[in-house]
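Hi everyone, thanks for making time. Let me put it up on the screen.

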Amino acid sequence: MSTDDSTKIVSKWYFGGVAASSAAIFTHPLDLLKVQLQTQQEEKLTAGQLTRKLIREKGIGSLFNGISASVLRQMTYSTVRFGVYEAGKQHFGNGDIQTMDFSNRVLLAGAGGLIGGFIGTPADIITVRMQNDPKLPVDQQRNYKNAFDGLYRVYKEEGVRRLFTGASTHIARSVTMTIGQLTIYDEVKNFLLQHQFKDNLSTHFLSSLTAGAMATTLSQPIDVIKTRAMNARPGQFPNIWAVVVYTAKLGPKGFYKGYLLRFIRLAPHTVLTFIFLEQFRLHFGTPPKEKNYMSQVFLLPKVIKMSTDDSTKIVSKWYFGGVAASSAAVFTHPLDLLKVQLQTQQEEKLTAGQLTRKLIQEKGIGSLFNGISASVLRQMTYSTVRFGVYEAGKQHFGNGDIQTMDFSDRVLLAGAGGLIGGFIGTPADIITVRMQNDPKLPVDQQRNYKNAFDGLYRVYKEEGVRRLFTGASTHIARSVTMTIGQLTIYDEVKNFLLQHQFKDNLSTHFLSSLTAGAMATTLSQPIDVIKTRAMNARPGQFPNIWAVVVYTAKLGPKGFYKGYLLRFIRLAPHTVLTFIFLEQFRLHFGTPPKEKSS
């Protein structure tokens, strides 16, 4: 290919991970020094003094302590974050950043950083520990043989949870790092190419150096906190906030401890990573292909004028489901509140009607809307993600036409959406359940959250961040069954009706959503009962989720279906309203049919 066309060659998704792993071999000593400077309790040694001390006492090989873990970290963490970003660029912009808004690339890099940060956390913990080992007293050194030995020993000696200690800070650092590196690199490189620069080493060097500076500035405070959390002995810090407070006591400089060294380390690593990546791209990349028209999936809609016969071909935007579900929640919230209070009764004393009258008499009709802000927030997080994943997947794999996709593929897609949405929506779901259940508690036990955000903040402050994810496993399980029951069954029934003389109108939407609501209720009710009990429990009431199952089982088989009828009465209207709103958004603001991407 001619030199003029070299900028059009696109990278493979895994090139970034290979490039970052290669760069890590050269920059590992600087990373090791950065970690040891950050974990000093007092600023006693400079970088030069620390280097001389290590070489004098442990030998030059000590500067490469943890090299296997460092490479493993890049093979997991960087492969994923570069992979998501590169695959997204090629899917939505055909590899050409000029066809994508800067904000969209920031979101794409953030998503890659989020996923990569989580996946790379275990290897990062081992890297930090192996790098910090030489400075510990002999009796406290861990002496991991290599990265895999470290992973195994942490799992065996401290449990699997320890492998994800500091995951929240690692993810936050990964998000800022990825945005700072990838988007800024592309932005600077594109600017230079538009101003007489060539696609060569000079351009790659200047772009990557700028990206390294930006990434360091954005992520340094988070990196300091992450390093301290990961290197702490069990019990040293009760939560991540304790690490922040400890670091703050050292003054503002505490958050930027080792900053210069980190830039000196990160700049070469970023420069080498992108130089290696560009060489891989130029020599082993993919030539330009025809533009992928599915890149328009995430663009804002325009109102569509289309004949009625073509209305079934209009496809929805990924975020329509979340907006529709949030709108529906406003109308069905009282039924959801009654369902929660019935489920959390220790004995079946009141019927739904009796409970409704009791609440209105004692607390007023406004008590039926307790937790409405949390309920809307829950749908804005949980439903936006699960509908979004399912809709984006349908459009990507089936061009919006479910007849081109197997039912099993749609079940898997819905399950994936439910899994991610269930995890992201757990904190808002906990606050929803608590706010709905508050009116029936004794006055001295009521939490009295002002709104959803006040509830989230108070749980974080009073009970710790982990409490916000109590019952996450059951919420995820419920979300998966719910999403499969709602989305796949709705599409299946709607498709069946459209093939049997029904039109794409309100009647079809109503019948399809009512059937989907019935299926979703049947599949997810037992999990919902367990989830509600777990989330509403006082600290220490249930040691684990199995204790909640045992407690519920003691009430008999009916215990798992407590509040079933009320839940169906609540879920059916919510499902019907959600899909009716969704269909109206689709018909008025959706995307017209396009030619299938090659």
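Let's begin at Thr-247, which sits in helix 8, residues 240-248. Keep in mind as we go that this is a predicted model. So, is Thr-247 buried or exposed? Its relative accessibility is 0%, and anything under 20% counts as buried, so Thr-247 is buried. What does its side chain reach? That would be the backbone oxygen of Val-243, at 2.8 Å. If you skip residues up to four places away in sequence, Thr-247 also touches Val-224, Arg-228, Gly-254 and Phe-255.

Okay, over to another spot: Leu-54, in helix 2, which covers residues 47-58. Leu-54 has a relative accessible area of 5%, so this one is buried too. Again setting aside residues up to four places away in sequence, Leu-54 touches Leu-32, Leu-33, Gln-36, Gly-59, Ser-62, Leu-63 and Pro-134. Take Leu-33 from that list: it's 21 residues from Leu-54 in sequence, and the two C-alphas are 9.5 Å apart in space.

Now for helix 3. It runs over residues 67-93, so to speak, 27 residues in total. From first C-alpha to last it reaches 36 Å, close to the 39 Å you'd expect at 1.5 Å a residue. Where does helix 3 bend? At Ser-78, by about 30°. And why do we call helix 3 largely enclosed by the rest of the structure? Because 20 of its 27 residues are buried.

That brings us to the largest nonpolar core, which has 16 residues. The members that touch the most others are Phe-82, Tyr-85, Leu-182, Phe-274 and Leu-277. Five helices each supply at least two residues of this core: helix 1 (15-38), helix 3, helix 4 (102-132), helix 6 (167-193) and helix 9 (259-284). Which helix gives the most? Helix 6, with five residues. Apart from this core lies another one, of 15 residues, and Phe-320, Ala-516, Phe-579 and Leu-582 are among them. As background, nonpolar side chains tend to be buried together in soluble globular proteins.

One last stop, back in the largest core, at Leu-277. Leaving out neighbours within four places in sequence, Leu-277 is in contact with Ser-11, Phe-15, Gly-16, Ala-19 and Phe-82. Phe-82, you'll remember, is also on that list of core members touching the most others.

That's my tour, happy to take questions.

Definitions and conventions: Residues are numbered from 1 along each chain as its sequence is written. This is a predicted model: local features need pLDDT of at least 70, side-chain atom pairs count only at pLDDT 80 or more; totals for chains, interfaces and linings use all residues. Side-chain values use heavy atoms; hydrogens and water are left out. Helices (H or I, at least four residues) and strands (E, at least two) are DSSP runs, numbered from the N terminus. The expected span of a helix is 1.5 Å times one less than its number of residues. The bend at a residue is the angle between axes fitted to the seven residues ending there and the seven starting there. Buried means under 20% relative accessible area, exposed over 50%, partly exposed in between (1.4 Å probe, protein chains only). A nonpolar core is a set of buried Ala, Val, Leu, Ile, Met, Phe, Trp, Tyr and Cys residues joined through side-chain atoms within 4.5 Å. Contact means heavy atoms within 4.5 Å. A polar contact is a pair of N or O atoms within 3.5 Å; within protein, one must be able to donate a hydrogen and the other to accept it, and residues adjacent in sequence count only if both atoms are side-chain atoms.
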